[in-house]
Structures are given as C-alpha cells and as structure tokens.
Amino acid sequence: MPRFVDLVNPDLTLIVPQLIILGVALLLLLADVILPKAKHGVLTWMSLIGLSAALVVNFFYVGVNETTFNGMFRADDISVFVNLVVLAAGIMSVLVSSSYIQNLEEPDSMPLAEYYVLLMFSILGAMLVGAAGDLVMVFLGIEMTALASYALTGFARRRMTSLEGALKYFLLGLFASAILVYGMAWIYGATGTTSLDGIAAALDSTVGAGNLEASLLLALLLLVVGLGFKVAAVPFHMWTPDAYEGAPTPVSAYMSVIPKVAGFAAMIRILVQALSPIREDWVLLIGILAVITMAFGNIVAITQRNVKRMLAYSSIGHTGYILAGFAAFGVVVPADDRSISSVLYYLLAYSFMNIGAFAIVTWVQHRGRGVDLEDFNGLASQSPLTAVAMTIFMFSLMGLPPLVGFYAKYYVILAAVEADLLWLAVAIVLASAASAFFYLRVVVAMYFSEPPETAPEGNTPMLGFGVLAMVAGTILAGIFSGQLLDLAQNWVQAFPVVL
Amino acid sequence: MELVAAVLAGFVIAPFVPWIRRAGRDYTGWIIALVPLFICVYLATLIGPIADGETRRVSYDWIPSLHINLSFYVDGLSLAFGLLISGIGALIMVYAGGYLKGHHHLGRLYAYLLMFMGSMLGIVLADNIITLFVFWELTSITSYLLIGFNHHEAKARSAALQALVVTVLGGQLMLGGLLILGYVSGSYELTEILTQGDMLREHSLYVPILLLILAGAFTKSAQVPFHFWLPGAMEAPTPVSAYLHSATMVKAGVYVLARFHPALGGTDLWTIILVTAGGLTMIVGAYLAFPQSDLKRVLAYSTVSALGTLVLLIGIGTERAIEGAVVFLLVHSLYKGALFLVAGIIDHGTGTRDINMLGGLRKAMPITAVVAGLAALSMAGLPPMFGFIGKELVYDALVEESGFVPRFVAGITVAANILLLVIAGIVGIGPFFGRNRDTPEHPHEAPPSLLTGPAVLAGLGLAIGLIPTLFIGSLIQPATQAILGDPVAISISLWHGFNPALALSAITVGVGVGIYFGRGRLRPIALQIYDWRWYGPERAFPRIMEGLDSIALTQTRLLQSGFLRYYLLTIIITTVAVVSYPLFGRGELFDRPDFGDVRFYEIGLGVLLLMAAFQAARSNSRLGAIAALGVVGYGVALIYIFYGAPDLAMTQVLVETLMVVLLVLVFYRLPRYVQRSTRGNQVRDAIVALTAGGMMTALILASLSFEDRTTISAYFDENSVPLAHGRNIVNVILVDFRALDTLGEITVLAVAAAGVFALLRLRLAEPQDEEADRGA
C-alpha cells in the first residue's frame, strides 16, 4: 500500500533557518509595496539581519541529525554546513550588491526589493537542497535556486549581454533539469521509492557484485549529466562564461557560489546518501569528470582578457577540484572519510575568495573602470588596499598558503591521496600550477602597470566592509580552520552511509 | 617556545614597522636590525648543545585533522641556515636603511623584509612538512612583494610574473610530492620521515615523490632549465637582491635537497638528476655571467652557477662532497652577500652599475675597495680566504672518485671555477682599478650604515679562512652529519698539503688570471654566443604561454562560440553518447518487448502527434509552429485520458492553453521569422534531433522492463467510500486524496494566468511607450 504524507505533526522547530529566510523574503515583498522608494536602503539591512539571524540559529542544529515531514526534510550535519556556506555567501552577496544595484551602474534602474527577494528565494532553494531527504525535495530546491538565478542574470534588463546570458543560462538549465528529473524517474523505477535512505536501502539489498544493472547505470548517467550541468562541469559548462560575463557583477559573484553549492549539495544527497551502494560505478566517473573539468577550466582561463570571464573559467577549474573530493568517497573507513568534508570545506573557502574577487571587480566598476585586465592596471598605486585585497583573493584562489584556498585544496588532495587516487592528486597539483598564470596576471597588472590618467572616486562603504569581511575570512578561515574542519567532518554522522 | 617566537617574530613585528619608523627616523634600520640580531644570538646559543649532538624540537597542534602541526626542529643543518638567514638579515636591515634613506615606502620594505625573513626561518626550522610548505610559499609571496617593490616598468612586470609563475608552479608540484611522501611514510614530521630512508627508497612511489619534490627545489634554486627567472628578479632594490641571492630564497631549494637527503638521497636516480642538473647549471651560470655588463646581472648569473655547484655536490652525496657543500654554502653566502652590497654601494655612489663605465674607484671609495677585494678573493677561491677552503673541498670531493663521469664533472667544475675567478675580478677588482671614468654622479665613499654589512661579511670570510677550526666542530660537522644522517669526522684547514685538488686550484688560478687580462677581447665573443640563450628556456617560457593561449583560443572557437544552438548540440550529443552505452551496449533493457494490443485510435493519435511535431520543426511562421506545438500538447492530454488519468489531462489542457496564449503574445512582438541556417546545418540538426528522439524512444521502451509495481487504483477503489464518502473516484482523488495537489495546480494556473493578464494589459496600453511599461 502506498504511504501518504502525514501532515499532522511536522516538527517545525527543525526548519527554523529556512523559515527565517522565507519570512524575510515575504517581508521584503511587503516592504517594497509599503515603503517609499527613497527608504529602500532599509531593505539591505532587513536582508542582512535575516541572513545573519538564520546563520546564528543554524548553529543550534549541530549534531541534531533529525528528520521531519516524513523524512522529506533533514536537519543533519550536512544541512548545517550547507546552510553555513549558503548563508555566509548570501550575506557577502548582499554586501556586494547593495551599492551596485542602487547606484545605477547598469543602464536603467534595477529594483532593489525584487533583487533581494530573488536572492532570498534562491538562497532558500539552496538550503532546501542541503536539507533534502527525498529526490523530490532535491529537485524542488535546485529549481528554486536556479529559477531565481535565471532572473537575476538578466537583471540588467536594458543591457543585451545580460539578457543574452540569462537566456542561455535559462534554456540550457531547463534542458539539464529535464535530464535530471528523468534520471530521478529511472531511479524511482528501479527502486520504487524517492526517499534517499529508501533508495540506499533498496540498492543495498539488490545490488550484488559484478556489473551494475543497466537501468541503474542509465539512471546514474542521466543524474550525473544533470548535476554536472548544475555545477558547471566540463562538458556541460558552456553557459557559465556567457552568463557570468553578462550578468551584473554582483550577480556573477552570487551565482558563482550559491547555485553551485546547491548543485554540490544535490550531489552529496543523491550520489553519496542515496547511491552509495553503487559508488564503485560513479567515483571513477566523477574522478574523470573532475580531471577534465579542472584541466579545461584552468587552461582556457589563461587566454581570457575579461576578468569576469576569466573568473568564470576559474570557477570551472574549482568545480574540478571539488569534484575530486567526491571521487575520493567510500575508500577509507567512514569515520575518517574526508571526501565529503573536503567538498564542504572547499565550498566554504571558495565562497569567501570567489565572491571576494567579484567584489573587487564590482569595486573597480564603481570607479568608472571596466572589467578587462587592462582596467586593473596600476590599481596598486591608486588604491593600495583594494589591490592588496584582490591580491589576497587571487593568491587564495591559486592555493597559496596561508590563505584559505590553500587549506581547501590541500584537504582535497589529502582526501585523494588517502583514497589511493594519486593520479587525481597529481592532476590537481598540475592544474593549480597552471592556474598561477592567469591569477598572477591580474596581480602583476595591478602592481607593475601604469595606471590610467583619471581615477574617479566612488563611495561604497557597504562594499568596502564586505571586502574587508571576505579578506578576513580568506585569511582566518584558513589559519584557524581546525574547528571548521571538525564541523565538516561531522558529515559522517549525518546519515548512515551504506557501503 | 623560543623557536616559535624566533620564526613568528618577523610576522608579529611587521605590522608595527610604521610606528618604529616614525620613532626611529633615520636609525630605523639599526632598530629593526635588532630583531634578526636577537634571533641570531638566540640561535648562536644553540651552537654548543647542537655540536654535542643534541637537537631541539617543539610542537604545537595547529590543524590536527590536516596533519598540520606547528612543530619546529633544530639540528646542525637548520642551525647553519638559521644563523645565515638571521645574521645576514641583520646586516641587510642596517644596509637598507642607508640605501633607501628617506624613501617614501621604506617602512613597507622593512615589513616585507621581516616577513620574508620569518618565512625563511620557518622553512629551515620547520619539522612538519606541510608547515615547511606553508613557509615555502610565503617566501614566494613575500619575495614577489620585494621584487615588485617600487617598480612600474614593463620589464620588471614580465620579470616578476616569470619569477612568480616558475616558483609557484614548482611549489605546487612539491606540495604533491610532500603529501605523497607523508602518506607513504605515515607521518608528516621530518624527524620521523628521515628515519625511514630505506623504506622510502624501495617504495613503488619513490619516483613520483622524488620528481615532484625535485621540481619544487629546482625551480626555487634556479637550476637549469628553470634558471632564467633569477636574473629577471634582479629588478629588486639591491639590499633585497643581496638578501634573496646570498643566504635565503634561492638557497631554500638547496636546503630542501639537503634536508631530504637522508630520506630520498643516494639512489641512482637521485645522483643522475642532481649531478646532471647541478653540473649544467654550474657551467651555464658561470658562462652566462661572463659577458654581462650590469654588475647585478653578473652576480645573479654567478649565483646560478654557485647553486649548481651545491646541487652537484649534494647529488654526489659522498661524505667529502656533503662537507664541501656545507662549506661552500657558507662561503658563498658570505662573499655573495658582500659583493651584492658592494654593487649597491657603487650604484649608490656613482649612479651606474655598468662595469664598462666603472674604473679607478679605489681613491674615492677606499674602504669599499678593500671590502670588495676581500670578497672577490674569497669568490675567486684564493688563499687565505674561506673561499679557498671551499673550493679545495669541492675539488677534493670530485677527484676522489675515479671513472670517466667523475673526471668529466671535475673538468666542468674547474672550467666553471675559472670563469668564477674571472667574474670575481670583474666585479670585485675591475671597478676599483684602472683609469677613472666618467660616471653619472661624482663617486663618493658610502656612510657606515652601508659599509657595515659588506665589511662584516668579507671580514668573516677572511677570519674563517685564517682560523677554520673555529667553525668545523661547531657548525660544519653537525650540518654535514644532519645531511648524511650518519656521524662523520671532519678536518679542514687552509693548507692541506700538495694533492690533486691543489693542482687543480693552480690550473684554475693560472688560466683564470690569463682570461681576466684578456677579457677585453674575449667578452665580445662570449656576448655573441650569449645571444644563443634565446633558443633555451628563456624562449621556451613565452612559447609555452603562447601555446596555452592558442589551445584556449581554439577551444573558444570550437566550444565557446557564443551560439546557443552549438551549446545545445554539444549537450545533446554528449548525453546521447553517454546514455547510449547502458542502453544499447548492455542489451539487457529490451528483454520484454510487449506491444500486445495497440488500439487503432492510439495509432491515429501517434501519427497525429508525429505530424504536428514535424510541422512545428519545419514551419516557416511562428504562429504555425506554436499552433503545431499546441496540437502536440493536447495530444498528450488525450493520451492521459486514454490511460485513465483525467486529472492529469485536465491540468495538461489548461497549461497547454495558457502556454499557447503566452507564446503568441510574446512572439507576436518579435520580428519576422528569417531562415538563417544552411541546408547542411539543417541536415546536421535533423540528424542530431532524430538521434536524440531515437534515444528517448529507446529509453521509454526500456522502461517497460521494470518490474510491475503495485498500482494505486485498487487502493482508491477500496477506500474512496469509507474514507472520503464519495463514489466518483476521480472526483474523490481531485478534491480529497490529492486536494493539496489540486490546490497547488490551481495556484500555479492562477499565477500563470495573472502573467498572461499582465501581458495582455501591456499590449493594450500602448506597446511603444516604454516609460509607461515600466510603471506597470
């Protein structure tokens, strides 16, 4: 007999962070109508307070590991860490966005309230993926994040490139979603359930040694294609450079992190939680995908002269590193398995340094410069602190110690080495060596090139504060990473890993 | 505890430099020099215990889960390096104060220098290999800041980029090596790794570990073929060059080789690589130094040569060779530091560093001349200087082996030393003798702050040469022991009797002096050959960059065309390719072909759907295409009805209707449809579309192979009356069992309808008036 959702007693105390974000989104909508346009600065503070409150509340769920809504929703240590990344990234995105959206950096005005509302729903979507206990929830969250991202990409609605990027992102995204949901349908067909734990249990009892059933392999491949698109793995990455370049810069900052986090959270939920019994069939696949992705992203980034495009390819490269973490899954005894903790920690590190880099691009745009490499010429002599901040972000993205990017990359390599995947470790090392070329190019332009004659000043305190926070995060989250890593390592308690 | 303080002192004090500068004014250099001086004195107190065979180790947890500990360790090797780094550091601080007196950013330079010194100390004192790597990369960053200090020239830019790219590249590779090393040996502490040499050398991963670590060491220590970055880094202010090139930065690679010698050294592979690279670097560096005319570039290339010698000696790895390496390391740091500082004094006093414009300076700069002379004698390897002992030991280590290869290497070493002797003359003697030349500024003697450094370094070279016993037991013997991993007995003296080494020295001096006096004629010839370097790695670097660029460009044209249709094409083809394998390759999925009773109206509907889809694809008008798509949608709704899902069918019909309305409204505004694709494109698209469609069909057929699941109709049949009190099952499902679904569907439809309404209203309210639109 089919079981019906029991709507009587969902434990709402488990979904407080999500409820806060939902509440903030609704309040923002309301405030948009009530408040006069001149007072819309308040919206920024509302968003910041809401996100911070959710972030604080989130810490109460460390080690809780419970489910509600009939197992559809999970408040476990993975959702805690995903929430941490998403909310921190959300706060940073708001800090980066506020002046850009208000200061008319794009042709025609952009409504602040709508911007924040879309941002909030996108964040909520990513949080739902992190907390999903069911394929349907995963899909729901991913689409929630993605739909808002499509709209945000086209937010500069009088600029053709923005619309072009949004359209490409949207159409290709829909295509990928269709593939993803098709893969989910096949999993359902093969196991008779959409519950993640249920799938794992069903697979555990049916999957024997030897070749995987063709139907399961088919489902797996469809899922990998769909998820690969969401995280922009090569060869499903084509939308990334166009969308990042076209979108308003703060949106590029945001969508280089949050939808990606949602994609990776979905991978954790689907591949690790549900499909761990057939991991032998996907770890190698993901490993190969990782190598192709990191090699491609890092090599192609070298030729880019547009910094936003360069950062787009660089983010593809980082996707490769993160995927490498997945490939290390399931070899070591569960308690010591660093694979998923390395993924989670990398996402956190990545959000600091990548949003930071985009924040500096935004900062430069505020000062009447463009987004090409030449626009960074001589930045060090005109605004030394900004140049130092950008240098820190570039070095961190490159993986230089003692910045957070180093520890993150190191952790992934360590996971790969401990899983006996030396080829993967060497690939990461080579790829990140190649990445030095283009990250350093920005640094060198800032320090060794003549600055342009005129340098208009800008006043962007919120952005400045955001950059400062991200610099602090990039430095401190690395040097004092012990506790964060412990928090990430808790993932092994989030659900019983079926091996 | 003191060890940690010694390493971190530079980082802690660096932020306070601006205040120190404000308080110290012109004496800032002297004040800041106290930091390295204290460290140096502290390390000197360890000389006694270390010489007695003790070691010191402290360890604090940093990030235990990453195996990163803040652990430091002192033995003979790290002590020797630590003393050089802090000692020369103190002299450099004083010198920089005089050299850049009144410079606007002097404070910044001091901050960088302090951090750089701290990083170097971290490398040589670290026990944890990851901590070592952290400091290793910190030297890359801080040295970059130092090299880039005060520069806005295109030349400096490419030099700094090269230097950074090369060292960072090597660093990343080394990280890989260190991690694998830690994994294999089960510990990330040097003290434990170094005891496992036998196991490591036998291990199957020995080769990758060795190659990756060597890549890091060679790039840092500018070994051929990575030597080209080092002279480029000469753009730095002179005190920085002196510090980076004498005792620190470039020696870090040598340190790592020496450090890992007990764990990784001694194999054939180790010897072959190190001897080849070291020998080549030694001779190439010396040769390239000869025709240069910029004092600093001469010195830079001679540094390359000296680094080659050190690597060569560590590669040979005999007791004598390692002893020679340690001695030569000290010798080189002393004289190279002194000569760089002298070059700075000359530059400072005359306004030029071009050796063709310098001569007869001994009258104007007498003290400098004496200092330079002493340092040059040491570099030339002449008695009674420390340099003589160093060179003798090197020769000794080479001649004690017999066979063709050692003889050949010995020959190269003699040739390199002859050139170094000539270079010593060119930089240390040439500018001070001969006739006076016109220099941009009138030559004048340097102030004490500038003279202290070189004088101390050159004086030490003389003092050790005269009383070498002072250092043997206390420094050289413990360091040699640490590199070899075994106890050794060492005796060195200025005079060690007539032996083959002395004969080689005699040849060196004879030929060298001859070349020195014939240099006027020889240098132009050498200069011509020097131009061949463009065929070497210096050329390769931009070539590699260009190569990567063109790969990237090609892919951009192929994959990143910017056309959505190509993106879609790629994704569809990839998906089809990926999915085809399990679908067709396994052949398991079509085991139940059951096309039993297909009813005639189902066939009719199928044909209708196909025709409509075909029409949608080939229609020349948008409205036609939309209408055809609408037919497909309603057809699907019919299928739902045939198979007993009236609720789904109803939703489908409503959605389809809205979609058609929306599409018409939106597309109505677009310009007329134009046929853009060529015949060939159409054929290609058709093939791809058919393949994709074929795959989907196969997928659906394959899904028939799933086991029958319990159907839910029985449940509704039984429960609709008792639970929902209704006899019409469809109604019960819609408004009771799935009431929430229905509510959701209604909401979605309502929202979509509101969108349609908004669009309609826009169309009614003057579509041309953009301003009015915005308000809506």
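Predicted model: local features only at pLDDT ≥ 70, side-chain atom pairs only at ≥ 80, totals over all residues.
In which kind of crossing, left-handed or right-handed, does α12(A) pass α18(A)?

**Stop 1: two helices side by side**

Select residues 279–302 of chain A, which is helix α12, and residues 422–448 of chain A, which is helix α18. Two packed helices are described by the angle between their axes and the distance between the axes. Here the angle is about 20° and the axes are 8 Å apart. Angles under 35 degrees count as roughly parallel, so α12(A) and α18(A) are roughly parallel to each other. And the opening question? α12(A) passes α18(A) in a left-handed crossing.

Now show the side chains. On the α12(A) side, pick out residues including L284(A), I288(A), V291(A) and M294(A). Among their counterparts in α18(A) are W423(A), L424(A), F437(A) and F438(A). What sort of residues make up this contact? They divide into 14 nonpolar, three polar and one charged.

**Stop 2: salt bridges**

There are 19 salt bridges over all chains, and we'll visit a few.

Start with R74(A) and D197(A), whose side chains meet at 3.0 Å, N to O. R74(A) sits in strand β2 (residues 73–75) and D197(A) in helix α7 (residues 196–206), both of chain A, so this pair ties together parts that are 123 residues apart in sequence. Is R74(A) buried or exposed? R74(A) is buried, at 7% relative accessible area, while D197(A) is partly exposed at 30%.

Next, select E143(A) and K230(A), a salt bridge at 3.6 Å, N to O. E143(A) belongs to helix α5 (residues 135–153) of chain A and K230(A) to helix α8 (residues 214–230) of chain A, so the bridge links parts 87 residues apart in sequence. E143(A) is buried at 13% relative accessibility, and K230(A) is buried too, at 10%.

Hop over to chain B and click on R57(B) and D127(B), where the closest N and O atoms of the salt bridge are 2.4 Å apart. R57(B) is partly exposed at 41%, but D127(B) is buried, with a relative accessible area of 0%.

Back in chain A, select E164(A), K168(A), D242(A), E245(A) and R309(A) together: salt bridges that share partners join them into one network.

**Stop 3**

Hide the side chains for a moment. Most residues other than glycine have a negative phi, and most peptide bonds are trans. The next places go the other way.

Where is P402(A)? P402(A) is in the loop between α16 (384–398) and α17 (404–418) of chain A, and a cis peptide bond with omega of about 5° joins P401(A) to P402(A). In chain B, the bond from V224(B) to P225(B) is cis, with omega near 5°. Look for P225(B) in the loop between α11 (206–220) and α12 (229–232) of chain B.

Finish with F69(A) and N70(A). F69(A) has a positive phi of about 50°, and N70(A) has one near 55°. F69(A) is in the loop between β1 (66–68) and β2 of chain A, and N70(A) lies in the loop between β1 and β2 of chain A. F69(A) is partly exposed at 27%, and N70(A) is partly exposed at 42%.

Definitions and conventions. Residues numbered from 1 in each chain as written. Chains lettered and ligands numbered in written order. Heavy atoms only, no water. Salt bridge = Lys/Arg side-chain N within 4 Å of Asp/Glu carboxyl O. Helix = DSSP H or I, 4+ residues; strand = E, 2+ residues; numbered from the N terminus. Buried < 20%, exposed > 50% of the residue type's maximum accessible area, 1.4 Å probe, protein only. Axes fitted to C-alpha atoms, helices over the stretch in contact; angles between N-to-C directions. Parallel < 35°, antiparallel > 145°, perpendicular 65-115°, else oblique. Left-handed = near helix turned anticlockwise from the far one by under 90°. Contact = heavy atoms within 4.5 Å. Nonpolar A, V, L, I, M, F, W, Y, C, P; charged D, E, K, R; others polar.
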